[in-house]
Amino acid sequence: MQLLDGKKTSEDIKQEIAAEVQQMKNNGEKVPHLAAVIVGTNGASLTYVGSKVRSCEQIGFESTLVSLPETISEADLLSKIKELNENDDLDGYIVQLPLPKHIDEQKILMAIDPDKDVDGFHPANFGKMALEMETFLPATPFGIMQLLERYKVETAGKHTVVIGRSNIVGRPMSILMSRKGYPGDSTVTLTHSRTKNIEEFTRNADIIITALGVPNYLKAHMVKDGVVVIDVGITRVEDASHPKGYVITGDVDFDEVSKKSSFITPVPGGVGPMTIAMLLQNTLLARKLRSAKK
Ligand SMILES: Nc1nc(=O)c2c([nH]1)NC[C@@H]1CN(c3ccc(C(=O)N[C@@H](CCC(=O)O)C(=O)O)cc3)C=[N+]21
């Protein structure tokens, strides 16, 4: 069993980006500038946004945190988006999801300038991804592709089973793994809450990608020997014996499934840190594309 170490790989990627940023500085060029919009104060959301800001500092990006009250109206959020679109100093930004219930998420994501959409959530970018054109790939699926590539995991002709059909992980993951080239060329099954006899699929899978949010869902009897397992789940499970009062738990019962796996991602330290690294990678691309346009 080999660990797909997202913590280490993300540090490698951040170092590569930092070197490019240093080069930009040396040439007197503008460095990438990333903003994050956060509405309200969800604990997990704050943690994620916090590590994003720290990473920006670490690699020499400029970063801006736009913190808005939970009660902001949809109209006011839309005018904030317009402001970010028009801010010429800003290369890319994300609007942290989920948004409060009184705000139409789709409407907000549609308002983001596709050239600044470093999450790759705008329909124009999602379409480009599906059509195999250059664009910002959604950070979590992009991070998973990087892990597969950097650990040289074989994907061509393999049966990849994705569990979960969310717009930000499951569905884009299923598209990327079916695209031409490496990593990709996989035969993909996208399973979800209405799938019947899911074990029939998982037991025959060469690669399993779980994006479910159900702690310890995937058990050893559901997988075959030699399987590659990518665990996207990150649920905070209350645990009084830990200093933070919770433990981060994945969708995979790691102790038993890892014994049958050829490769497996840990949680924490797997897909999560990769997501942040790829967001930074996308922001670097946004900066380059914008400077090439001028
Ligand atoms: N517009 C938008 N884009 C996102 O990419 C997005 C989002 N909204 N909303 C929330 C989710 C969640 N997300 C995480 C990223 C990194 C970790 C991460 O680095 N996790 C650490 C553990 C961190 C901890 O201790 O909580 C790990 O897995 O090792 C977690 C979660 C990005 N998301």
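Gly92 is buried, with a relative accessible area of 0%; buried means under 20% relative accessible area, exposed over 50%, and partly exposed in between, with a 1.4 Å probe and protein chains only as cover. The residue belongs to strand E4 (residues 92-95). Helices (H or I, at least four residues) and strands (E, at least two) are DSSP runs, numbered from the N terminus. Leaving aside neighbours within four places in sequence, Gly92 is in contact with His33, Leu34, Ala35, Lys116 and Val118, where contact means heavy atoms within 4.5 Å.

The model is predicted: local features need pLDDT of at least 70 and side-chain atom pairs count only at pLDDT 80 or more, whereas totals for chains, interfaces and linings use all residues. Residues are numbered from 1 along each chain as its sequence is written, and side-chain values use heavy atoms, with hydrogens and water left out.

**The three-stranded sheet**

Strand E4 is part of an open sheet of three strands in the order E3-E2-E4, with parallel pairing. Strand E3 (62-68) and E4 stand at the edges with a single partner strand each, so one side of each has no neighbour in the sheet. From one strand to the next, the twist averages 15 degrees; angles run from 0 to 180 degrees between N-to-C directions, and axes are lines fitted to C-alpha atoms, for helices over the stretch in contact. Strand E2 (residues 33-39) and E3 run parallel and are joined by seven bridges; two strands pair if DSSP finds at least two bridges between them. Within this pairing, Val39 stands opposite Leu68 in E3. Helix H2 (residues 43-59) packs on the sheet and touches E2, E3 and E4, and its direction makes about 165 degrees with that of E2.

E1 pairs with strand E11 (residues 261-264) in the parallel sense over two bridges, and Gln2 has Phe263 as its bridge partner in E11. In general, strands of a sheet pair through backbone hydrogen bonds, either parallel or antiparallel.

H7 is mostly covered, with seven of its nine residues buried. These are Gly170, Pro172, Met173, Ser174, Ile175, Leu176 and Met177. Their cover includes helix H5 (123-130) and helix H6 (139-150), together with E5, E6 and E7.

**The ligand site**

Around the ligand there are 16 residues, of which Val95, Leu97, Asp119, Pro268 and Gly269 come nearest; a residue is near a molecule if one of its heavy atoms lies within 4 Å of it.

| Residue and atom | Ligand atom | Distance |
|---|---|---|
| Asp119, polar side-chain atom | nitrogen | 2.6 Å |
| Leu97, polar backbone atom | nitrogen | 2.8 Å |
| Gly272, backbone N or O atom | oxygen | 3.4 Å |

Taken alone the ligand exposes 670 Å², and the protein buries 80% of that; accessible areas come from the Shrake-Rupley method with a 1.4 Å probe.

**Backbone geometry in the loops**

The peptide bond from Leu97 to Pro98 is cis, with omega near 0 degrees, and Pro98 lies in the loop between E4 and helix H4 (105-111). Val267 and Pro268 are also joined by a cis peptide bond, with omega about -5 degrees. Pro268 is placed in the loop between E11 and helix H10 (271-293).

Glu132, a residue other than glycine, has a positive phi near 65 degrees. Glu132 is found in the loop between H5 and H6 and is partly exposed, with a relative accessible area of 34%. Asn216 likewise has a positive phi, of about 55 degrees, although it is not a glycine. The loop between E7 and strand E8 (227-231) holds Asn216, which counts as partly exposed at 32% relative accessibility.

Terms used
Polar contact = N/O pair within 3.5 Å; in protein donor to acceptor, adjacent residues only side chain to side chain.
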